[in-house]
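Morning, everyone. Please take a look at the model on the screen, and then I'll walk you through some helices and contacts.

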Amino acid sequence: MTRSPIFIGYYTMVRKDFIRIMRIWSQTLLPPIVTTALYFAIFGTFIGSQVRAVNGLSYISFIVPGIVMMSVITSAYMNTVSTFYFAKWQRTIDEQLVSPMPMWTIIAGFVTGGVMRGLLVGVLVVITSLFFTHLVLFNIAVVISAAVLTTLLFSFAGLVNGIFAKSFDAISIVPTFVLTPLTYLGGVFYSVNQLPPFFRTLSLANPILYMVNAFRYGFLGVTDVSVAVCFAVMGGLTVLFFLLTLFLFIRGAGLKK
Amino acid sequence: MASAPLALKIEGLKKVYDTGTEALKGVSLTIPQGEFFGFLGPNGAGKTSLISIVSGLATKTAGTVEINGLSMDSYPDKVKSFIGLVPQEFNFNIFEKVEDIVVDQAGYYGIPREEARKRAEKVLVQLGLWEKRADKAMDLSGGMKRRLLIARALVHEPKILLLDEPTAGVDVELRRGMWDFLREINAAGTTIVLTTHYLEEVEILCRTVAIMNKGEIIAEGGVKELISKLNYVTLLLDTTEPLIQAKIVLLRGLNIKKIDDTTLELTLKPGETVNDALRTISGTGIQIANIRNSGSRLEEVFVNLIKKDS
Ligand SMILES: Nc1ncnc2c1ncn2[C@@H]1O[C@H](COP(=O)(O)OP(=O)(O)OP(=O)(O)O)[C@@H](O)[C@H]1O
Ligand SMILES: [Mg+2]
């Protein structure tokens, strides 16, 4: 089979990032495992045993999908924002820019790296959760498509952050001040139906709520909002961030002098 | 030869950076295929800006660029496969292994991995880096890093090799080795565009040269023609005795400068002869013990042109 030159360029980027993720596993794969193990132990086992059931589920079962989603989101985001910013800062991006690779292939290369790491971490964290609780799989298609869409969305978002970042500090601002609060408030640890009406409505403006709920539905078959709405929000945002990335790259994305 | 397209055809090329700096002020240039072309100019002349535009790393503000007969605007991706770039600054990932850097670069050019490995071996051997293939790029010496840039630029067998100061920081012996290597690949058909601050390098290697200053080409032509046309000769004269100011004043008619107590610098314009100048100097009673040539001939051309231009 002869592969097209464009595919070979794309494959080269993806392969390189995969090897990098594996080589520095103690920075890319281990931290989410450690963090989530702590969450499962403390919130699930120690505190969770004293919390009453949510939606008819034990507390630990209820929080597992959200916690998995949390690490998936952070991993996908951090992967693209850091690989892209590093490539820009060290100018290694020139290696792709001088080559005949079209812009969209270069974007695809970075984004695939984020999707890859997000999904890899997702699988590892799910495995970790098995040490603490039993997990059922209500609808595997929903689990997989929610995970893929979410990693795609946050890989694009990380890329947008990387394009605007002017310093290494700027790549941790969004994760710290936007992603983490939104995730914590996105119904990972509670059902938004337990909230007073005002806060429930406010929560519906939080996009991460839809990802957590789609994921939870896939595993447990329960959700605070309609699954169709969840996918509409995820799909819509992914397209939006894709278009934003494309627009920024066409404008040069701060790559070309 | 009429059918062979030019390697490079640049017309009215302008570049204004976001900062407002006008780096190129309408440069036009043609480079035939197979040429060994030199680019000279002081710091900030615009050489790197021009090379960056041609290789796709910078956008142009105005003008047209044709590479191998194809317009850069119409075939932005395709023309890139004709070009190999050796950038002025190191831009590989210093944490990666030498061989991976070269093999991956081939991948970006669409070369399948098995083939890329073979080609990487070939260029790394050619550039004396094969023993270092498993080392991280950051563990290479400065000269080796330069050679890695060259290996990486050649792995897709470009028709045109753009070298932006490839010999900066390379020791004399290695530089000569690099010259031989560049001559070889030029003889094998690769067009070479070389930027350097070492004028003797252009004099030795290049057939044609363009001299750039402040975003404009101020002279262009065959290296030999340029030297003879603008042949300013600068000589250093060592005197037997310390120079006396009163005697130097008598040399007003000559382009002469006192360098130190026993050295004079004499510059001859085209048409002036050493004989005449020495006769004048003898007339004042200054005794010359020794005459030395100062630097390369092209260097004098260059210095004089830049001086005139500013
Ligand atoms: N990215 C940039 N942004 C703004 N100005 C730039 C940029 N790159 C170069 N310049 C300016 O453009 C002018 C030409 O620079 P360029 O790097 O092309 O010169 P050069 O001939 O390669 O010099 P050198 O011999 O020092 O490498 C300089 O005034 C420089 O300050
Ligand atoms: Mg330069």
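In which hand, left or right, does α4(A) pass α6(A)? The crossing is right-handed. Right-handed here means that the near helix is turned clockwise from the far one by less than a right angle, and left-handed means anticlockwise.

Some ground rules. This is a predicted model, where local features need pLDDT of at least 70, side-chain atom pairs count only at pLDDT 80 or more, and totals for chains, interfaces and linings use all residues. Residues are numbered from 1 along each chain as its sequence is written, chains are lettered from A and ligands numbered from 1 in the order written, and side-chain values use heavy atoms, without hydrogens and water.

Back to that pair. Helices and strands are DSSP runs, numbered from the N terminus (helices H or I, at least four residues; strands E, at least two). Helix α4 covers residues 59-89 of chain A, and helix α6 covers residues 103-129 of chain A. They pack at about 150°, axes 8 Å apart. Axes are lines fitted to C-alpha atoms, for helices over the stretch in contact, with angles from 0 to 180 degrees between N-to-C directions. So α4(A) is roughly antiparallel to α6(A), a label for angles over 145 degrees.

Who touches whom? Contact means heavy atoms within 4.5 Å. From α4(A), the residues include V68(A), S75(A) and F84(A). From α6(A), they include G114(A), R117(A) and V121(A).

Next pair. Helix α7 (residues 140-164) of chain A and helix α10 (residues 207-220) of chain A cross at roughly 155°, their axes coming within 8 Å. They are therefore roughly antiparallel too. This crossing is left-handed. Among the residues in contact are L153(A) and F154(A) of α7(A), and M211(A) and F215(A) of α10(A).

Now the interface. Chain B gives 32 residues to the contact, and chain A gives 24. Together they bury about 2500 Å², 52% of it on carbon and sulfur atoms. Buried area is the accessible area (1.4 Å probe) that two parts lose on being put together, summed over both. L57(B), N91(B) and Y108(B) supply 30% of what chain B buries against chain A, more than any other three residues.

Last, charges. A salt bridge puts a side-chain nitrogen of Lys or Arg within 4 Å of a carboxyl oxygen of Asp or Glu. The interface has 3. One joins D104(B) to K16(A), closest N and O atoms 3.0 Å apart. Over all chains, the count is 18. Within chain B, E35(B) meets R207(B), N to O 3.0 Å. Those two residues sit 172 apart in the chain.

Note on methods
Parallel < 35°, antiparallel > 145°, perpendicular 65-115°, else oblique.
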